[in-house]
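Here is a briefing on pockets, a surface patch and salt bridges. Please look over the sequence and the structure before reading on.

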Amino acid sequence: MKLPSLAQIKKELSHLSEEELISLLMETAKFTTDNKQFLFFKVYGRENPGFFQEMVEEELQQAFENANLDHAHFAKKSAQAIRRKLNKYLKFTKEKTIQIELIGFFCRGLIENGYLDFKHPVIGNLYQMQLNKIQKLISGLHEDLQYDYQYLLEELEEGIS
């Protein structure tokens, strides 16, 4: 079975009534918790743009607090799990500044919780990849914002040494 393109689906959705669209959205939200979370953030985040960022930071902080740091192997697995959670939430927003802030929060969490103290190559590479993501996102911003976020990047790069 070949699925239609998003453009074709959008065209068909434009023919549906408001009630049918609401029903369709509710059915979609029931399939996975990701769909439900996405819908939740889109609906409730319109009035307060910082709402999404606050909720994600709260969830990441909780994950950092519950992480097992008894051994480098467990720390690595915990860091990878938290990064997967972060990547899932990064897909929910297209706003580059929020993405930079969330990745920065994750990197600060790695520093503050002692993940980098293990000197594990996987954790080090994971941290460096996040810094590269921040650098790439910063390069796509307006010059004034680039200057503001360059300070954040420099602060996080000092965390490596």
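For residue classes, Ala, Val, Leu, Ile, Met, Phe, Trp, Tyr, Cys and Pro count as nonpolar, Asp, Glu, Lys and Arg as charged, and the others, Gly among them, as polar. The model is predicted: local features need pLDDT of at least 70, side-chain atom pairs count only at pLDDT 80 or more, and totals for chains, interfaces and linings use all residues. Residues are numbered from 1 along each chain as its sequence is written, and side-chain values use heavy atoms, with hydrogens and water left out.

**Second largest pocket**

- The lining of the second largest pocket divides into five nonpolar, three polar and four charged residues.
- Its lining residues are F41, K42, G45, R46, N48, P49, F52, F92, T93, K94, E95 and I98.
- A pocket here is an open set of points on a 1 Å grid over the protein atoms alone, where a 1.4 Å probe fits, with protein on both sides within 12 Å along at least five of seven lines; lining residues have an atom within 4 Å of a point.
- The second largest pocket holds about 180 Å³ of space.
- Such a volume is the space filled by probe spheres set on the points, and grid points are joined across faces, edges and corners.

**Largest pocket**

- The largest pocket holds about 270 Å³ of space.
- Two elements give two or more residues each to this lining: α2 (18–31) and α3 (33–44).
- Helices are DSSP runs (H or I, at least four residues), numbered from the N terminus.
- The largest share, seven residues, comes from α3.
- The lining consists of I22, L25, M26, A29, K30, K36, F38, L39, F40, K42, V43 and Y44.
- By class, that lining has nine nonpolar, no polar and three charged residues.

**Nonpolar patch**

- L6, I9, L13, L16, L21 and L24 make a nonpolar surface patch of about 490 Å².
- The elements giving two or more residues to the patch are α1 (6–13) and α2.
- Helix α1 gives the most, with three residues.
- Patch residues have over 30% relative accessible area and no salt bridge, and nonpolar side chains (Val, Leu, Ile, Met, Phe, Trp, Tyr) are joined within 5 Å.
- Areas come from the Shrake-Rupley method with a 1.4 Å probe; for residues, only the protein chains shown count as cover.
- L16 sits in the loop between α1 and α2.
- L16 is partly exposed because its relative accessibility is 32%, between the limits for buried (under 20%) and exposed (over 50%).

**Salt bridges**

- Side chains of opposite charge can pair when their charged atoms come close.
- A salt bridge needs a side-chain nitrogen of Lys or Arg within 4 Å of a carboxyl oxygen of Asp or Glu.
- The count by this rule is three.
- D34 and K88 form a salt bridge at 3.4 Å, N to O.
- D34 lies in helix α3 and K88 in helix α5 (residues 72–90), so this pair ties together parts 54 residues apart in sequence.
- D34 is partly exposed at 31% relative accessibility, and K88 is partly exposed at 24%.
- K85 forms a salt bridge with E59, their closest N and O atoms being 3.8 Å apart.
- K85 lies in helix α5 and E59 in helix α4 (residues 50–66), so the pair ties together parts 26 residues apart in sequence.
- R108 and E155 meet in a salt bridge at 3.8 Å, N to O.
- R108 lies in helix α6 (residues 96–112) and E155 in helix α8 (residues 143–158), so parts 47 residues apart in sequence are tied together.

Terms used: Patches are made of residues with over 30% relative accessible area and no salt bridge: like charges are joined within 9 Å, nonpolar side chains (Val, Leu, Ile, Met, Phe, Trp, Tyr) within 5 Å. Buried means under 20% relative accessible area, exposed over 50%, partly exposed in between (1.4 Å probe, protein chains only).
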